[in-house]
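Hi,

Here's the structure I promised to pass on. Have a look at it first, and then read my notes below.

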Amino acid sequence: MLPLAFSCWAPLLLSVAQVFAVTPTITAVGSKFFTSDGDQFYIKGIAYQLVSTDPLLDTDQCKRDAKQMQDLGANAIRVYHVDPAGDHRGCMAAFADAGIYLFVDLDDFPTQIQPESPAWNQSQLAAFSTVMDEFQKYNNTALFFVGNEVLTTAEVSNAAPYVKAAVRDMKAYRDSKNYRKIPIGYSAADVPGLRPMLQNYLACGDDDAERAEFYSLNVYEWCGDSSYDGSGYAELQKNATGYNIPLFVSETGCRISRPRLFSDQAAILGPKMADTWSGTIVYEWIEEENDYGLISYGPKVDPMVSTAALDGFPRSGTPMTVSPDYGNLKSQWATLSPTGVKLSDYTASASISPPPCPTSTPGGWIVNGNAALPSVGQTLDSAATASGGTPISTGSASKPSASPTGGGTTAGGKEVTGMCLGLLGVMLGFVVWL
């Protein structure tokens, strides 16, 4: 007869360990993503931000949504804002069990790099680090973004070194903690005046420690029944040819022409682009005022009566598909299953030279070549920028600390009674920590 303690926690210990143990991890090699099983990974993702703070705290809701996403054919979610002090074990396990990976932003509204007055300081580094500390322990965390659409015009391209400095320091922090090499990169606005300079800038230079490990674009060019050439996707592909790190579309889903047909998915995940691009994330899961949703949780209500319904749109419940958008995307994805190349066949050719660093141009891209990146705490020198020099000032600089300051601790679970319940909670936390 097994001891009481072991008989209580052993089944749960086994099931939780199996969920994460069977989930292959994602890594970046050359210009592609691969799973730890050696298969090339293509993204079929959904932007998932049910609430402004953190959608990964309600385990029951995550289970309902993960099941519906399986029906859709999704294998990834993008989450823009999270609370690193929250308990994410249930949601991460629910999505892992459904074969769905997390693409998560490290910044939040108070910590994001500002384009007009860019800075990269110890407080931002500490905040980014706490998010990494929390999510690096899950096998289905696929990658980290250091920013989203920081640069929206060429006039603020002098903020680019701060984005690249964030990449550099988060890579250094990750490696100093001996974390898994979860790729770190950036999600850009698709701005013609920044193409392909920003893309090349983040991937250029002789120092690998400073280069981004992927680059992604929020692209809304393909509207209605457009085409590869008519939408501008052919130009995106031209700029991507020979790129040295993975590329993917981090937002898409133009709604100017209704219904949304999602015919761009056949270009991104088909023969025209699949050899260069690693997939796509569609905006977005929940129906809101902006009318991009693929599902809703019920009809719009009076937000003064139902305070849980932000802007009148319910934020939880049984997901109900929005027709015909949901069905159109499902139909597209059902026909698109690129296999790519095996890692064992790709490694020998994975060493791709970085692109040349872009030079400054009058009235356009500001950063001249591979200028020195700011240290933590340095701020923008507008005078130097105006005179064509380096956009980095001699501010109050410091080296990044390996230990984040001011970060929260993981929240504890509900108090339980009884020997078996107590042991189950302790062992669940121990297994996920491992």
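Let's start with two tyrosines: Tyr 186 and Tyr 215 are both buried, where buried means under 20% relative accessible area, exposed means over 50% and partly exposed is in between (1.4 Å probe, protein chains only). Trp 222 and Tyr 233 are buried as well. The centres of the Trp 222 and Tyr 233 rings are 5.0 Å apart and their planes are at 80 degrees, so this pair is edge-to-face. For the cut-offs, rings of Phe, Tyr and Trp (its six-membered ring) pair if their centres lie within 6.5 Å, and planes under 30 degrees apart are stacked, over 60 edge-to-face and the rest tilted. The partners come from distant parts of the chain, with Trp 222 in the loop between β8 and α7 (233-240) and Tyr 233 in helix α7, 11 residues apart. Helices (H or I, at least four residues) and strands (E, at least two) are DSSP runs, numbered from the N terminus.

Before going on, a word on the model: it is predicted, so local features need pLDDT of at least 70 and side-chain atom pairs count only at pLDDT 80 or more, while totals for chains, interfaces and linings use all residues. Residues are numbered from 1 along each chain as its sequence is written, and side-chain values use heavy atoms, leaving out hydrogens and water.

Now the barrel. Eight strands close up in the order β3-β4-β5-β6-β7-β8-β9-β10, with parallel pairing; two strands pair if DSSP finds at least two bridges between them. Strand β9 (residues 247-252) is joined to strand β10 (residues 277-282) by three bridges, and Thr 252 has Val 282 in β10 as its bridge partner.

You'll find it in the loop between α2 (59-72) and β4 (76-79), and it counts as buried because its relative accessibility is 16%. Its side chain reaches the backbone nitrogen of Lys 44 at 2.8 Å, and a polar atom of that side chain lies 2.9 Å from the backbone oxygen of Tyr 42. (A polar contact is a pair of N or O atoms within 3.5 Å; within protein, one must be able to donate a hydrogen and the other to accept it, and residues adjacent in sequence count only if both atoms are side-chain atoms.)

Finally, Phe 33, Phe 103, Phe 145, Phe 214 and Phe 248 form one aromatic cluster.

Cheers
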